[in-house]
Amino acid sequence: MPAQLGLAAVAFVSPQNYPILIRALSSPSDDLLKYHYLAHTSLDVIDERIAAAPKNAESYLGFLYAMEEVAVYGYVTPLKVKIVVAFALTDAVIRDADVIAVFKAFHLAYYRSVANPFLKLHVPLDTPSEHGTLLLAGSAQWRGFRRRVDEVARAAGALPVVNA
Amino acid sequence: MPSMLPPSLAPHTCILPSQDLVDLLASSSLPPLPQILQSFSPLPQVTTRTTTLTPVPHPTFALRFSDLVEIEEGCREDEEQRAARTLDWISARISRRCAKWVEDWERVGGAAVETERNANLRTPWWDEVRHCIEGDHIPSRIEGWNHPVAVIVAVSTMSPNPLQALAQLHARPPEFPSWVDGNQLRYTLIIHPKNSALSDEEAGALFNAVKKQYGLHTFLLPLELPSPPPPPVPVPLQPPRLPRNPQSTTQTPEIAPLSPGAIPTLPGGLNTLRMGEQDIQQTARFVREFVAMSLVPWMEKCAVEWNENFSSTRRLPSRLFSSTRRLFGSATPSPTPTHGQNSSISSVTSRTRSGSNSSIASVGSGPPPPPQQRRLAEFATTLGDLKLAINVWETIRKDGKGGSEILPLLLSPSPAVQLHVSHALQVVMTSNTHSSAVAQVRALAYAVRWEMGCHPPDFIGNAEEPPSAVLLAHAAYLSVRKKARRRAALWYLFAANRLEKSGIKPLTMYFLRRAHDLYKVSPEKSLSPSFWDSEGMDVGSQAGFDAIVPGIEHALGRLHYTTGDVRRAVRFFLTLLQGASSPEQAVLSLGTSNGSNLELSKATMSDKVFLEDFRVSFQHLKDTSGPNFDLSDLKLPVTFCDVRHTRLRLPGDSVGGDPDLWESREDTWRTYWKSQGKESLQSTGKAAVNEPFWVDLVMHNPLDVDISLANLTIIIKESTAESSGPSVDFVEVEVIDELVLGAKETQTIPLSVRAKRPSTLFITQASYSFLNLLPSSESLAVRGRRLQDTPIQRQSKVYAPDVYIKALVEDASQRLSVDFVDDGRLVLEHGECMHMRLWVSNIGTEAINDIWIVAGPDDEYCIDDGDVADSVPPPAFEVFTSSNSLAQRLPQRVPLDKLLGSPLAPGQSFEFALTLHANTVGDQELSMAVVFRQKERPTFHSIRVMRSFEVRPLLSVASAYGPSNDLDELFSLDLDIRSVPAAATIEISQVTTMSPTWACASRAKRRIGTLLPGQAVHLPLGAQPWDQRSGGDETYKFALGKLEEVLQGSDTDLSHPPPLVLRCDHAVSTSVLPSTMQSFLHQGRRNNAARHIAAVHRNLPHHLYPAIFPLYHPHAVDVVIFWEIPSEGRSGHILVTGTTLGAGHGDLNGIIQEAEEMKVKRNMYAETQIERSSILEAIRASEWNSETNPVVLTVQGSGAVVEHDFSSSSCHIPVTLSLRNYSLTRPAKYTFKLPPQTPASGVSDMAAPSWIGRLTYRGTLKPLEHLLLRPTLHATQPDTYTLGDWRLEIEVGDEVPSTGVHGWRTQYRYVDGPSTAAPITVVDVSSE
């Protein structure tokens, strides 16, 4: 994975547009609220892109918009979970291939975390939708998702390596 | 293609008036000439021609007029400084007027209009910014729009010498800097007022002279200018203009500042002109002539000329050259001919141009004017020659010299437009990293133009001045129209953040409100209405990202507070107090807050901040708004009461115990009374009048901050009352002054309630004063169950009415209080009989006639009725009749007649004793329901008493039994009684046996005396059949019949077994059992038997036990050991059951076999088969089917030593063999055989005897009969002989008279042989 992409934040948004996890990755951690705004705003753009794109379009939506020193990129998993990544705006060129690699890593992190069977531990069996459990993956009591996201961020150079 | 160009792109004309003209206009109450002329812009119906001479009709043609001096001054001012001034000026204007705007806007429902996408309605703040930016008329270095295209020199005939004045003005060249395009049309205007010194003819002559001298671009404008001035005529509003720089204004004080304030305006904000109709027409004619005859033709001419130049550069060589230049990026000056100055500017890339103008200026003699190409493009645009204009602009853009900012206006909508836009902005913004005022104004100007040209700007700067904020707000406004509401919300928020920094609060608040509204709006979902139902979601449930809204609300609240709108501030702060629900709940309600939000609320803004703000603002509101201020519309968004855990607690409930257990007690009573009468038992759970009961209110604080609730109480309604007023007046409810709940804390708050008359009360609400400020109440209703009865109910969600906590208050007419007198800890020894006293008091108002005690089936107790046993001489044995039923004990009536002799009057109390038998070791509870009523009352009432006690083990008793060797008795029963090591010294006072069949007697006939701890005593008893026994056969028959029914699977009738007579033998001394003891023994036997049956016949239903099994087996022997501990004053008894004496004959075998062979009904459930077979096995192994060999042979005198003198003869010893039939019912045939001569067996070292005389005995033994056989042993030498090798064949059967001569039917056959050696020793006593 390419180093120094300037990863600032990542947001996972459920198909029903609930935030699953919004995590600021740059250190020192910026105002998290800002990334809530960014993620929320990108939903508009993502909606537009999805509406415009053909059915079998790629997951990667590319550059969404730039705002306040960050460039926002979007990605939609086949199950419509939206992943929004904010990169700090620098002079360095951000290649699409790198961004896609980052997105795929985040997607995998999400996928692995949601596969945790214990997410449903306290959820009644007759809960009609799976949606709630997706949200639970991001909640504070399950740290695995955060850990995986941080690992990806570390690999992308956003977070310092712990043992180094 | 735009329908209309922005007015800022209109040709700019400067006017240089003579002093006399200025004076003339002033005296006629008219504004300066530029303003007068401006009032005639735009001109309708102007036709221009393109370079290809195609006419272009313009419905309107805008013009801009301004004072030359002012423009000159403006050009001299530093651009950056002016830009900064512009921004401040706009900010000031917005700030001054925004409050009114917001008010007006909200009045006309601006927010609603936004969503309806009514394009005609414009936000006033944006209009203001737009007008201000459009009103900019100072030429810029970057673009040529504001560069004057014409200079009108104007004089009036009021001048003493108009010609000279003209000459002076013409001689004065425009004092523009070098970068201003000097290519201007000069025009001369002579205004000839009516009151002029010159006559019309003289004026005409003057006009002709001027025309001759200064060319054809001359006009004579005759004006009447009546005095007094005519009424004002409304004219189009002048665009606002930046006030002139105060320093330069002082230098030229003669020119009146051209500010909006100087324009006479009507109160309605309209611009007016006090001109007569005639004058207006004349002026209009002039303006039209100026445009049509001079300005446009001149511009067309310029365009044609420059186009020639432009086209020449587009020819092949130059294009090649220029592309080479582009390719190699050399800075070679372009050969493009420019007019006026050199063309070095063309080499400067757009990237550096805006910032480095001054450096260029230092290179040449001065900054060059705009390149000709650009002017060409601008002229073509103005003239409407769009084809040419686009062409030229494109070229300019390709050369990197701008153009991107205009192209979006000219091109039809396409993706390229956005690229142009972003490029234009990039050029502006990248000029310097920190955006300068110039760049901002520039960007703003572009944005304004684009907006007017119908493309919404897609731009966010990081400037913080109000104009950009307003621009952002406008962007948001447009985004809403585009339905990108999320983006709109963000932009509104950004706009608000910026405006807030500059302190423009009304507009900030409005933007925040809009952002808030937009965040609240969830996108429309085109889903089936049943989707929400199936997902279990609420349609209106707020979508995620709720971390955002609190921030906006908080900011809004703070703004409202600072602007003095405390009421709304309070409301916003109140809505912020949401608290967080648990994650599980969140999942179920689909994400009101997920984990990250929880984290966020802790990290950024906590409830603490919200709460503190709320407290302060509310306190302020309360202080300022006086006493009668309405709080009804303030509702707490959080609830503190946990309704589902809130309970009613009655005084009787403090007894505790398992509710099911009490329920079963009441059921026992109901079952009992069903057969006695129709009166019902009123269930407990009613409070009494004037007696407190409690509501245990569970309060939970969902906020992560401490809160205090004052005056916490509950509101109670009577069931019949309709009103929703405060609590009913006959109920006193406790009020808790202050309750502090910690963050996320849960507390249970008991609130006492006392009703003064009987009623049914509903506890409807909890009320409190939040933070001692906000009175609030919460409903304590629980939603009713979902109804599923009708199809409509099943299809939609219909719920039963809300359920309230109900408290029944009854009259205290029948109230009883029952308590144990001794309340201390109770430790009993196993088997102890404890006298306990109960204190009963009538606390009601009516007498109580009947009291029953209902205890559990296992509790062994007796009510002492005060009878003293008659002191009759004790008989040899006691006989009493048992019901022999396993049925539960019926409720016991307290003998009030005996104890009191009268009903229990109100206020009266009495004590009675209860003997409790501790039958089980361990911690026990005695739970009794006391049922009572007044005589003949239709309802019973009950209260509960409970007593816990501990039972320690004391004695362990083991019993062993078998056929007795003694001929006097049939069986021997040996008891081993062992004291537990930890016990005290025990005295065994009596050992009693109870049996329907057997009479037992101690073989020891002595007192056992004391048992030290750990000591054991052995007590042998002998049992004989009791000759007066009765009821045994019936009992046997009953049990067999019932078991047969069970095995056959037929319904068991609920008949009870016949009574049975029991005989009690006292082994130690003679005594009489008190009647209470008979009851205890019955209860003990019942408990033991029931436990045994429940363990063995696990698969039979419990309620059938009494109908199947009798209490006593007819052959059973129970032993009761009475003990005393004199040192502790304790006494008690232990019942030992489980001994059954006598041989059985497998009476059920036939039935069992029948059941097994019965045609098995195929059943699909394996469980049923397994259950059946287990029932069968249990019955097969039960005591009712025991089968043994009933005949036992014993050798009398075994081990005897016989002395014989062998010298005289051999020895003949008669041996007595006892043969006994232990069966109580069946006769047995026996065949006893002795071996004639047995060789010495290898097994025994004793000699085998030889027998003489009769070796085979046959006969029949009747039930319990015994007989003696006397074979003779022949001993030839002294030895020890063993009586081995005999053989006894037994046939057990019935004598059936009808089957013939013998009349015998054999049931079982047994063969017996010697089990012991039974030696006989013969000793020789010969004399030798």
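In the predicted model described here, B:Ile853 stands opposite B:Gln892 in strand β27 of chain B. This contact belongs to the antiparallel pairing of β24(B) with β27(B), residues 892-893, in which the two strands are joined by two bridges; strands are taken to pair if DSSP finds at least two bridges between them, and the strands themselves are DSSP runs (E, at least two residues), numbered from the N terminus. The model being predicted, local features need pLDDT of at least 70 and side-chain atom pairs count only at pLDDT 80 or more, whereas totals for chains, interfaces and linings use all residues. Residues are numbered from 1 along each chain as its sequence is written, chains are lettered from A and ligands numbered from 1 in the order in which they are written, and side-chain values use heavy atoms, with hydrogens and water left out.

Strand β24(B), residues 850-854, also runs antiparallel to β29(B), residues 922-933, to which five bridges join it, and within β29(B) the bridge partner of B:Trp852 is B:Val931. Five of the five residues of β24(B) are buried, a term that denotes under 20% relative accessible area (1.4 Å probe, protein chains only). In a regular strand the side chains alternate between the two faces of the sheet. On one side of β24(B) lie B:Asp850, B:Trp852 and B:Val854, and on the other B:Ile851 and B:Ile853, so that both faces are covered.

A further set of pairings involves β32(B), residues 971-979, which is joined by nine bridges to the antiparallel strand β31(B), residues 955-963, and by eight bridges to β36(B), residues 1016-1025, likewise antiparallel. B:Ile977 of β32(B) is the bridge partner of B:Val957, and in β36(B) the bridge partner of B:Ile977 is B:Val1017.

Notes
Helices (H or I, at least four residues) and strands (E, at least two) are DSSP runs, numbered from the N terminus. Buried means under 20% relative accessible area, exposed over 50%, partly exposed in between (1.4 Å probe, protein chains only).
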